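Please keep the sequence and the structure at hand while reading.

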Amino acid sequence: MTAASDGVNGATGTGAVTSANGRSTPLRVDAQRNLEHVLRAAREVFGELGYGAPMEDVARRARVGVGTVYRRFPSKDVLVRRIAEEETSRLTEQARAALGQEDDPWSALARFLRTSVASGAGRLLPPGILRLDPGEELVPDGAAEPRLPEGGTEARVPLQRMAPGEEVPRPGAESEETAGGQALLEVVGRLVERARTAGALRPDVTVSDVLLVIATGAPALPDPGQQQAASARLLEILLEGLRSRPLA
């Protein structure tokens, strides 16, 4: 079956295709279903194994042929970017909800961390967004100004597995320069600044520290019950580490 006969020629990964005349048309029902399977499988596989996991693993989890995956996403980098952008957007909305619904600064930050860790979105953050300089500062309006460390290594929690000869894609090498990445850094920066100003957050905690908590707070364990319990326990320990303590 060709890409054209499958109804996804020129697919953008948005549930529609672009035809030769430049018009966008909806995917066929079965093609849309396959796309949803691929996206769900990609989130699971990349969340468990990191963005280095091969496309064959995604196809196997989605129960489709690898050719079907490539018809939706012409390269692995396109699929990785799609997943990373969606999860970055999800985290941004969770941070905004915490800001809007919690008056207490510490409660807002803690709510954001608990919600984000429970969703597992942190395991799918673009690696580049975790490569912030530990010495970053917040500008007056609370937005983070990240600086990439020279020669730094990517902070990625799930071990990245590669197919022979395959390079790990870099979905987030420039993510902090994208609108989505900047929006996340800005809103998390506001959460951090509010909690710090209120004296509830340790003064040395940065936006990158908070994002790292999200990325590490949801360990991938084979048993869902054990994973939930371990994640909740780990997060409470990390939250205690973030809180400020009165001087003795």
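## Nonpolar cores

Not counting residues up to four places away in sequence, Leu113 touches Val210, Val213, Ile214, Leu235, Leu239 and Leu242. The model described here is predicted. Leu113 belongs to the largest nonpolar core, which has 33 residues; Leu113 and Val188 are the members that touch the most others. Five helices each supply at least two residues of this core: H4, H5 (105-119), H6 (179-197), H7 (207-216) and H8 (224-242). A second core is separate and has 21 residues, among them Leu35, Phe46, Met55 and Ala84. In soluble globular proteins, nonpolar side chains tend to be buried together.

## Helix H7

How many of the 10 residues of H7 are buried? Seven are, and the helix is described as mostly covered. The buried residues are Val207, Ser208, Val210, Leu211, Val213, Ile214 and Ala215. Of these, Val210, Val213 and Ile214 are touched by Leu113.

Thr88 is part of helix H4, which spans residues 76-101. Thr88 counts as buried because its relative accessibility is 6%, under the 20% limit. The Thr88 side chain comes to 2.8 Å from the backbone oxygen of Ala84, and Ala84 is itself a member of the second core. When neighbours within four places in sequence are set aside, the contacts of Thr88 are Leu125, Pro126, Gly180, Gly181 and Leu184.

Lys76 also lies in helix H4. Is Lys76 buried or exposed? With a relative accessibility of 8%, Lys76 counts as buried. The Lys76 side chain reaches the backbone oxygen of Ala53, at a distance of 2.6 Å. Arg123, in the loop between H5 and H6, counts as buried as well, since its relative accessibility is 16%. Arg123 and Glu44 are 79 residues apart along the chain, and their C-alpha atoms are separated by 9.8 Å.

## Salt bridges

The structure contains 14 salt bridges. One of them joins Arg61 and Glu48, with 2.9 Å between the closest N and O atoms. This pair links distant parts of the chain: the two residues are 13 apart, with Arg61 in helix H2 (residues 55-62) and Glu48 in helix H1 (residues 29-49). Arg61 is partly exposed at 36% relative accessibility, and Glu48 is partly exposed at 40%.

Glu186 and Arg190 form another salt bridge, where the closest N and O atoms are 4.0 Å apart. Why are Glu186 and Arg190 separated by about one helical turn? The two residues are four places apart in helix H6, so the separation is about one helical turn. An α-helix has 3.6 residues a turn, so residues three or four places apart point the same way. Glu186 is partly exposed at 28% relative accessibility, and Arg190 is partly exposed at 37%.

A salt bridge also joins Arg202 to Asp204, whose closest N and O atoms are 2.7 Å apart. Arg202 has a relative accessible area of 35% and is partly exposed; Asp204 is partly exposed too, with a value of 44%.

## The aromatic pair

How many aromatic pairs does a search of the whole structure find? The search finds one. Phe46 and Tyr51 form this pair, with ring centres 5.2 Å apart and an angle of 55° between the planes, a geometry classed as tilted. The class follows because planes over 60 degrees apart would count as edge-to-face and planes under 30 degrees apart as stacked.

Phe46 is buried, at a relative accessible area of 0%. Tyr51 counts as buried, also because its relative accessibility is 0%.

Conventions
Residues numbered from 1 in each chain as written. Predicted model: local features only at pLDDT ≥ 70, side-chain atom pairs only at ≥ 80, totals over all residues. Heavy atoms only, no water. Buried < 20%, exposed > 50% of the residue type's maximum accessible area, 1.4 Å probe, protein only. Polar contact = N/O pair within 3.5 Å; in protein donor to acceptor, adjacent residues only side chain to side chain. Contact = heavy atoms within 4.5 Å. Core = buried A, V, L, I, M, F, W, Y, C linked by side-chain atoms within 4.5 Å. Salt bridge = Lys/Arg side-chain N within 4 Å of Asp/Glu carboxyl O. Phe/Tyr/Trp six-rings, centres within 6.5 Å; stacked < 30°, edge-to-face > 60°.
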